[in-house]
Amino acid sequence: HVDTPLLVHAIPDRWRHHLAVASAADYFFDTRLKAATFAFLLNAVPIERQRVDRSSARRLSALIEEGWSLLIYPEGGRTPDGWGQPHQRGPAWLAERTDRPIVPIHVTGTRRILPRHATRPRPGHTSVSFGRPLRAG
């Protein structure tokens with residue numbers, strides 16, 4: 001849960017001010033209070049992780065086509081052990097459908113700051129690296 005605020009801060013202003021964050025509907029939007037809080041603080045939009053949902057796909061596609069950048073985690077959830085997990089197809093599908101590039105981002109250090117199931121963050125160092133834009137296809 002540290003990755004998103006870190007990335008929102010690290011993404012250059014040019015894209016940050018029109019950035020939407022794809023967030024798990026089952027976790028961040030399961031109550032009205034959480035939905036309002038995350039939508040307001042992070043510009044979060046709900047995305048279904050458990051099933052294919054056309055409304056999520058249409059919502060995210062429309063935002064991208066309107067010029068918004070989208071922060072989306074291709075694994076669909078937090079890693080249990082710190083290693084990368086298999087990627088879901090949604091981000092590549094969105095990139096192909098909207099003809100927009102994917103910019104891979106590598107984040108390190110956040111797992112030590114707030115490990116899974118921890119309730120309080122610890123001091124630590126992070127690193128964010130941006131890769132070259134990739135085209136789907």
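Trainee: Which residues form a nonpolar patch on the surface?
Mentor: In this predicted model, the patch consists of Val103, Ile105 and Phe130, and together they have about 230 Å² of accessible area.

Trainee: Where is Val103 found?
Mentor: Val103 lies in the loop between α6 (90-98) and β4 (105-108).

Trainee: What is the relative accessible area of Val103?
Mentor: The value is 39%, so Val103 is classed as partly exposed.

Trainee: Changing topic, how many aromatic pairs does a search of the whole structure find?
Mentor: The search returns 2 aromatic pairs. One of them joins Tyr27 and Phe28 in an edge-to-face arrangement, at 4.8 Å centre to centre and with 75° between the planes.

Trainee: Is Phe28 buried or exposed?
Mentor: Phe28 is buried, at a relative accessible area of 16%. Tyr27, at 39% relative accessibility, counts as partly exposed.

Trainee: And why is the pair of Phe28 and Phe38 edge-to-face?
Mentor: The ring planes of Phe28 and Phe38 stand at 80°, with the centres 4.8 Å apart, so the pair is edge-to-face; planes over 60 degrees apart are counted that way.

Trainee: Which helices does that pair link?
Mentor: Phe28 belongs to helix α3 (residues 25-28) and Phe38 to helix α4 (residues 32-42), so the pair links distant parts of the chain, 10 residues apart. Phe38 is partly exposed, with a relative accessible area of 24%.

Trainee: Which residues form one aromatic cluster, then?
Mentor: Tyr27, Phe28 and Phe38 make up that cluster.

Trainee: What sits over the ring of Tyr27?
Mentor: The charged end of Lys34 does, 4.2 Å from the centre of the Tyr27 ring.

Note on methods
Residues are numbered from 1 along each chain as its sequence is written. This is a predicted model: local features need pLDDT of at least 70, side-chain atom pairs count only at pLDDT 80 or more; totals for chains, interfaces and linings use all residues. Side-chain values use heavy atoms; hydrogens and water are left out. Patches are made of residues with over 30% relative accessible area and no salt bridge: like charges are joined within 9 Å, nonpolar side chains (Val, Leu, Ile, Met, Phe, Trp, Tyr) within 5 Å. Accessible areas come from the Shrake-Rupley method with a 1.4 Å probe; for residues, only the protein chains shown count as cover. A salt bridge is a side-chain nitrogen of Lys or Arg within 4 Å of a carboxyl oxygen of Asp or Glu. Helices (H or I, at least four residues) and strands (E, at least two) are DSSP runs, numbered from the N terminus. Buried means under 20% relative accessible area, exposed over 50%, partly exposed in between (1.4 Å probe, protein chains only). Rings of Phe, Tyr and Trp (its six-membered ring) pair if their centres lie within 6.5 Å; planes under 30 degrees apart count as stacked, over 60 as edge-to-face and the rest as tilted. A charge sits over a ring if NZ of Lys or CZ of Arg is within 6 Å of the ring centre and within 35 degrees of the ring normal.
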